[in-house]
Amino acid sequence: MSTNQRALAAADKQYIVHPHTVVGQPPEPLIIERGEGALVWDVDGKEYVDGTCGLWQCAVGHGRRELADVAAEQMAKLEFYPSFWDYSNEPAIRLAERLVQLSPEGLNKVFFTNGGSEGTETAIKLARLAHHANGQPERTVILSRESAYHGVSAVSLAATGMPAMKEGFGPQPDGFVHLSVPHARKIGPNATDVLVAELEETIERIGADKIAAFIGEPVLGVGGMVPPPDGYWPRVAEVLRKHGILLILDEIVTAFGRTGYWFAAERYGVTPDLLVTAKGLSSGYIPMGAVLIGDQVIRMAHGATFWHGFTYNGHPVGAAVSLANLDIIEREGLPARAQHIGTLMLEALKPLPDLPEVVEVRGVGLALGIEFDGIDAAAIAASCREDGVIVRAGIGRIVLSPPLVITEGQADAICTALEKHITAAVQK
């Protein structure tokens, strides 16, 4: 470790409290200095293949000069002005128009946010407001799922189905009910039938006249990159529609090409009433998110005041960068590339379940997961990092979400490192 690295690491541990770390026990930081494509380098110049996209977000890869240039140009012209009330700006208007053109049919309005937690909060508030304005103010309950991750603000955390993330934060907001995780292997044969029956029983027990919306990730992300059972989403949407319950799709991770489609909603043949995006919208070059709003929600909420917003709603620099980012995704065919490289990675990792401690290898596009039984995933991730490969460890699993621009050789390096260190862990 260089003198500079040691000095920066010491300052990091002294001054910064990192997300998802133990208070008062700061970890030794990996200080990333620069990136290009699917590669990043630390301050000592060591190269890593980025198998996580940071936090799922960097679809077009690191170090895209054209995005930096767009940001600088927009900052010089108009760095910021609010979008509250009747104020607006051209980049935000153009981005909203582009998102409507790209999105599933019927999603014709956009509310901008700064990120995923804000998007979840916005969608849930809109769902409740729509019912309230439609003469059903008692419809406030939100259905979610176990193992779901929807954010860490008060409302989005209540929707999240991970109890450990709620410990120590006191009472959670009322009105959230969590259904079983849609995991075909764990539920067994006829998983979709089982899950739909549970949904119908839950609606009957609570009363459809009390339920505002159902929120779900098309593919569980933090929960392990778990794809839904066959036919799950169209069946769920049908039940919800029958009972007048709105469907919120959390596409914070899956939107903008990661699953091989612009939106996972297209992949699974379902049109939501509200669709939450962030991360890949700007590829992380600037905090930016958007909630796409369906016509039904707008009709229901017509005439109601939406007392909700964030200082940086419709940020002109974020919108300009996002427009350029969407241009790159389209021009370079990154959704199709995600499907191609993801298929290659799944094939390369296919032998791993032959090891008794490897329960499952799964994936949708460039969203992949490896589930373990009795292996320390954090230790595997640490060993991969020593070999210049960054992967994300959860409890009993590794998840992968590399930039969509990753090369076949870089993808192979990730798979080779994982196979090496998972095999070594099994043989201990």
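**View A. The second largest pocket and its lining.** The biggest share of this lining, four residues, is supplied by β4. Both α4 (90-102) and β4 (107-113) give at least two residues to the lining; helices (H or I, at least four residues) and strands (E, at least two) are DSSP runs, numbered from the N terminus. This is a predicted model, so local features need pLDDT of at least 70 and side-chain atom pairs count only at pLDDT 80 or more, while totals for chains, interfaces and linings use all residues. Residues are numbered from 1 along each chain as its sequence is written, and side-chain values use heavy atoms, with hydrogens and water left out. The pocket has 21 lining residues, and those nearest its centre are Ser-83, Trp-85, Val-110, Phe-111 and Asn-313. By type, the lining splits into 14 nonpolar, six polar and one charged (Ala, Val, Leu, Ile, Met, Phe, Trp, Tyr, Cys and Pro count as nonpolar, Asp, Glu, Lys and Arg as charged, and the others, Gly among them, as polar). The space inside comes to about 710 Å³. A pocket here is an open set of points on a 1 Å grid over the protein atoms alone, where a 1.4 Å probe fits, with protein on both sides within 12 Å along at least five of seven lines; lining residues have an atom within 4 Å of a point. Points are joined across faces, edges and corners, and the volume is the space filled by probe spheres set on them.

View B. Leu-368 sits in strand β12 (residues 367-372). Leu-368 counts as buried because its relative accessible area is 1% (buried means under 20%, exposed over 50%, partly exposed in between, with a 1.4 Å probe and protein chains only). Setting aside residues up to four places away in sequence, Leu-368 touches Met-225, Gly-342, Met-345, Leu-346, Arg-362, Gly-363, Ile-398, Val-399 and Leu-400; contact means heavy atoms within 4.5 Å. Take Met-345: 23 residues separate it from Leu-368 along the chain, and the two C-alpha atoms are 8.5 Å apart.

**View C. Leu-346, on helix α13.** Leu-346 belongs to α13 (residues 334-349). With a relative accessible area of 26%, Leu-346 is partly exposed. Beyond its neighbours within four places in sequence, Leu-346 meets Val-361, Arg-362, Gly-363 and Leu-368.

View D. Helix α12 (residues 316-331) has 16 residues, so at 1.5 Å a residue it should span 22 Å, and the 23 Å between its end C-alpha atoms agrees (the expected span is 1.5 Å times one less than the number of residues). Since 13 of its 16 residues are buried, α12 is largely enclosed by the rest of the structure. Ile-328 lies in this helix and is buried, at 0% relative accessible area. After α12 comes Gly-333, with a positive phi near 60°.

View E. Most residues other than glycine have a negative phi. His-20 has a positive one of about 60°; it sits in the loop between α1 (3-15) and β1 (32-36) and is exposed, at 67% relative accessibility. Cys-53 also has a positive phi, near 60°, but Cys-53 is in helix α2 (residues 53-56) and is buried at 0%.

**View F. Cysteines without a disulfide.** The structure holds zero disulfides, a disulfide being a pair of cysteine sulfur atoms within 2.5 Å. For Cys-58, the nearest cysteine sulfur is that of Cys-53, 5.1 Å away. Cys-58 is buried, at 2% relative accessibility. Cys-415 is in no disulfide either, and its nearest cysteine sulfur, on Cys-384, is 10 Å away. Cys-415 is buried too, at 4%.

**View G. Ser-401 in its loop.** Ser-401 lies between β15 (397-400) and α15 (408-427). At 3% relative accessibility, Ser-401 counts as buried. Leaving out residues up to four places away in sequence, Ser-401 touches Gly-51, Thr-52, Cys-53, Trp-56, Met-225, Arg-258 and Leu-366.
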